[in-house]
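Please keep the structure in view while reading.

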Amino acid sequence: MLYHDIHGARVLDLFAGSGSLGLESVSRGAKSVVFVDTNTSLVERNISKMGSALPFGSVSVVQGDVFTLRRFADSRLRNAGSVYDIIFVDPPYGEYTSEDVFSIVQRYGLLSPDGVVVYEESSRSSFTVPAGFEVLKERKYGDTVVRFVCFEEARDD
């Protein structure tokens with residue numbers, strides 16, 4: 001479903017959980033993936049299970065809450081992967097708003113100019129398209145909605 005070319009992409013997996021989205025990206029040719037979650041034990045276990053199947057240096061894990069990492073964004077997230085071509089966002093349903101998440105993306109310049117944010121949330125949540133962004137595609141799966149969001153300028157190309 002991801003329209004974006006994953007091969008060679010720099011990926012940020014926020015609220016990583018098991019790391020399935022980021023690990024799938026690496027298996028499809030992503031250059032690097034940075035996983036961020038408050039509890040990294042599951043993603044670290046899954047990375048360990050993949051072992052030598054992962055290209056050396058292609059993954060890194062940052063433990064912490066996305067919103068408390070704001071002060072570390074330039075040093076921990078930016079240095080780990082610079083800007084990102086794909087940012088997966090799957091926050092716990094009902095705990096954060098799209099405005100909360102996109103404020104991090106904008107404030108710290110985490111998304112490359114032609115990148116995409118893949119944002120998953122409950123279909124009952126209220127999604128507001130942040131200023132300067134647009135929804136490219138939206139898919140509903142039961143109680144889940146997945147939105148592909150990019151900078152408005154990126155679509156003009």
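Helix 1 (residues 20–27) lies across strand 1 (10–14), strand 2 (32–37), strand 3 and strand 4 (84–89), and runs at about 175° to strand 2. Helices (H or I, at least four residues) and strands (E, at least two) are DSSP runs, numbered from the N terminus; a contact means heavy atoms within 4.5 Å. Axes are lines fitted to C-alpha atoms, for helices over the stretch in contact, and angles run from 0 to 180 degrees between N-to-C directions.

The model is predicted, so local features need pLDDT of at least 70 and side-chain atom pairs count only at pLDDT 80 or more, while totals for chains, interfaces and linings use all residues. Residues are numbered from 1 along each chain as its sequence is written, and side-chain values use heavy atoms, with hydrogens and water left out.

**Overall composition**
- The chain contains 5 helices and 7 strands, arranged along the sequence as β-α-β-α-β-α-β-α-β-β-β-α.
- Of the 157 residues in the chain, 47% are buried, that is, under 20% relative accessible area with a 1.4 Å probe, protein chains only.
- Among contacts between residues at least 6 apart in sequence, 61% join residues at least 24 apart.

- The 7 strands form an open sheet of mixed pairing in the order 3-2-1-4-5-7-6; two strands pair if DSSP finds at least two bridges between them.
- Strand 3 (59–63) and strand 6 (133–141) stand at the edges with a single partner strand each, so one side of each has no neighbour in the sheet.
- From one strand to the next, the twist averages 15°.
- Strand 5 (residues 111–122) and strand 7 (residues 144–151) run antiparallel and are joined by 6 bridges.
- Tyrosine 119 stands opposite arginine 147 in strand 7.

**Helices 2 and 4**
- Helix 2 (residues 41–50) lies across strand 2 and strand 3, at about 165° to strand 3.
- The buried residues of helix 4 (residues 98–107) include Ser98, Val101, Phe102, Ile104 and Val105.
- These residues cover an arc of only 150° around the axis, which puts them on the same side of helix 4; the arc is that of the directions from the helix axis to the C-beta atoms.
- Strand 4, strand 5, strand 6 and strand 7 are among the elements that cover the buried residues of helix 4.
- Glycine 109, which follows helix 4, has a positive phi near 55°.

Conventions. Buried < 20%, exposed > 50% of the residue type's maximum accessible area, 1.4 Å probe, protein only.
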